Amino acid sequence: MRISVQDAPFDLGKESTDFAQGHTDMGAIVTFTGVVRDLPDDPLEVMEIEHYPGMTESALREMAQTAVARFSLGDVLVIHRYGPLYPGEMIMMVATAARHRKDAFEAAEFLMDYLKSRAPFWKREVTTQGADWVASKDEDEDALSRW
Amino acid sequence: MMDVLYFAWVRERIGLPREKIETEAKTVADLVAELRAREDRYDLAFSDLTALRVAVDQTLTDFDASLDGAREVAFFPPMTGG
């Protein structure tokens, strides 16, 4: 299991390849990558991500441990960036390894659902019109109820 | 002495990221009441508790949580990770 909270960019190809190495009993690897999306009506200049050092790492580790137990994962990787990020940049990734694909897919979705509303990150969007904190969505909170 | 931390717009409204507070508050709600009584900027930041979340010693909890033995309390809006 590896959890990394970092400001530096990550290499999706290298991270995925490294993660996929050495799991001879794991038949399925799923990766998800989140990317900074431009806004359709109001061009995004930068997205700033703030986090709570210390709690962020422990919250992500706890989620990852829950996912390992619940979906019988052989391994899990979570990388999440903070600081200023520009449209098209990768914000975060999760990777899961399981014996079969259903567990690997479900574990990745589980981690993403929890990461959205239980990991202490806050996004602030700076556009040509000004800057504002991104509001949480009810649907993100609702998404947790299926688990 | 307790470390009190603020994140995102809570930090902006209060005007600082963290401070040390001498308090006898028994619960998070007591601490919030103490802070609100200090100055308008605190009162404004804590005016709608449904818009806020709290962590005690880096674990998410509720506003009625005990502060017995707590060293660090953090206030912030709902999280927007991912």
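Two residues are taken to be in contact if their C-beta atoms, placed from the backbone, lie within 7 Å.

A word on the model itself: it is predicted, with local features needing pLDDT of at least 70 and side-chain atom pairs counting only at pLDDT 80 or more, while totals for chains, interfaces and linings use all residues. Residues are numbered from 1 along each chain as its sequence is written, and chains are lettered from A and ligands numbered from 1 in the order in which they are written.

Starting with chain A, there are four helices and eight strands, where helices (H or I, at least four residues) and strands (E, at least two) are DSSP runs numbered from the N terminus. From that end on, the elements of chain A go β-α-β-β-α-β-β-β-α-β-β-α. The radius of gyration of chain A is 16 Å, close to the 15 Å that the globule rule gives for 147 residues, so chain A is as compact as a globular protein of that length. (The radius is taken over C-alpha atoms, and the rule is 2.2 Å times the number of residues to the power 0.38.) The C-alpha trace of chain A spans about 50 × 35 × 30 Å along its principal axes. Of its 147 residues, 32% count as buried, meaning that 20 or more other C-beta atoms lie within 10 Å of a residue's own; 12 or fewer makes a residue exposed, and anything in between partly exposed, with C-beta atoms placed from the backbone.

Two threonines of chain A fall into that middle class. A:Thr33, found in strand 2 (residues 28–35) of chain A, is partly exposed, because 15 other C-beta atoms lie within 10 Å. Leaving aside neighbours within four places in sequence, A:Thr33 touches A:Leu12, A:Met90 and A:Met93. A:Thr33 also sits 8.8 Å from A:Ala95, C-alpha to C-alpha, though 62 residues separate them in sequence. A:Thr66 lies in helix 2 (residues 55–71) of chain A and is likewise partly exposed, with 15 other C-beta atoms within 10 Å.

Helix 2 of chain A packs against helix 3 (residues 101–118) of chain A: their axes come within 10 Å and cross at roughly 155°. Axes here are lines fitted to C-alpha atoms, for helices over the stretch in contact, and angles run from 0 to 180 degrees between N-to-C directions. The two helices are therefore roughly antiparallel, the label for angles over 145 degrees. The contact is made by residues including A:Met63 and A:Phe71 of helix 2 and A:Phe110 and A:Leu111 of helix 3. By type, the contact residues divide into ten nonpolar, no polar and three charged (Ala, Val, Leu, Ile, Met, Phe, Trp, Tyr, Cys and Pro count as nonpolar, Asp, Glu, Lys and Arg as charged, and the others, Gly among them, as polar).

Chain B has three helices and five strands, in the order β-α-β-α-α-β-β-β. Its radius of gyration is 12 Å, which agrees with the value near 12 Å for a compact globule of 82 residues. The C-alpha atoms of chain B fill a box of roughly 30 × 30 × 20 Å along the principal axes, and 28% of its 82 residues count as buried.

Where the chains meet, 13 residues of chain B are in contact with 21 residues of chain A. On the chain B side, helix 1 (8–14) and strand 5 (72–76) are the elements that give two or more residues. The residues on that side divide into nine nonpolar, four polar and no charged.

How values were computed:
Parallel < 35°, antiparallel > 145°, perpendicular 65-115°, else oblique.
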